[in-house]
Amino acid sequence: MAEDAYETLGVSPDATDQEVHRAYRRLVKLHHPDHNSGSPEAARRFEEVQEAYARITELRRSAGASAPRQREQAPPPPRPAPDPDLDARLAEMERDLREAYEARERAREAARQAAAATRVRRASDEELGYVKTDDSLAKIVSDARAELSDRYSKAREHPVAKGIYDLIDELAAKLNEPPRPR
């Protein structure tokens, strides 16, 4: 009867408790009625799996140490003896690390100084020969007004010229430049 329980779960009688439990969990999930649309065959198989697991656990509990519960494991390796020089070695490692950090900072500072010493000053626009002009909008408008004033001095009374002159004066006023005398 106990062999039937092991056969139902698909494990051998010398299987560990963990192996029996894993087989039980796998079969319960597989045959659960909720996962099989309420199939009567799945429900029957589900009950068989539960009964088999209950029988095996009861047998193992009542048998005590005679049942194969866990496979024998090798004893853990012995712990190494404490190192008497451990504190001295740690202090030496900390000192080496501190020295390495200081050396890195010295190297960074030296690199900064070397970069500053070799930095080339950028030539100015005048040294490069760029032409500087006063191309501001106020200068352009002022030049246009002067040109128009010279060319059309006789036509100032014409309505079109007068409109253009007034428009230029308005633009000059917006740019905070005093209007030119007419």
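**Notes on the model**

1. Ser 37 is found in the loop between α2 and α3; helices are DSSP runs of H or I with at least four residues, numbered from the N terminus. The model is predicted, with local features needing pLDDT of at least 70 and side-chain atom pairs counting only at pLDDT 80 or more, while totals for chains, interfaces and linings use all residues. Residues are numbered from 1 along each chain as its sequence is written, and side-chain values use heavy atoms, without hydrogens and water.

2. The phi of Ser 37 is positive, near 55 degrees. Most residues other than glycine have a negative phi. Ser 37 is exposed, at 75% relative accessible area (buried is under 20%, exposed over 50%, partly exposed in between; 1.4 Å probe, protein chains only).

3. The whole structure has 1 aromatic pair (ring centres of Phe, Tyr or the six-membered ring of Trp within 6.5 Å; stacked under 30 degrees between planes, edge-to-face over 60, the rest tilted). Tyr 24 and Tyr 53 are stacked, at 4.1 Å centre to centre and 15 degrees between the planes. Tyr 24 lies in α2 and Tyr 53 in α3, so the pair ties together parts 29 residues apart in sequence.

4. There are 10 salt bridges (a side-chain nitrogen of Lys or Arg within 4 Å of a carboxyl oxygen of Asp or Glu). One of them joins Arg 60 and Asp 17 at 2.4 Å, N to O. Arg 60 is buried, at 3%, whereas Asp 17 is partly exposed, at 25%.

5. Within helix α3, Arg 44 and Glu 48 are 4 residues apart, about one helical turn, and their side chains form a salt bridge of 2.3 Å. Glu 48 also meets Arg 45, at 3.3 Å. Shared partners join Glu 41, Arg 44, Arg 45 and Glu 48 into one network.

Note on methods: Helix = DSSP H or I, 4+ residues; strand = E, 2+ residues; numbered from the N terminus.
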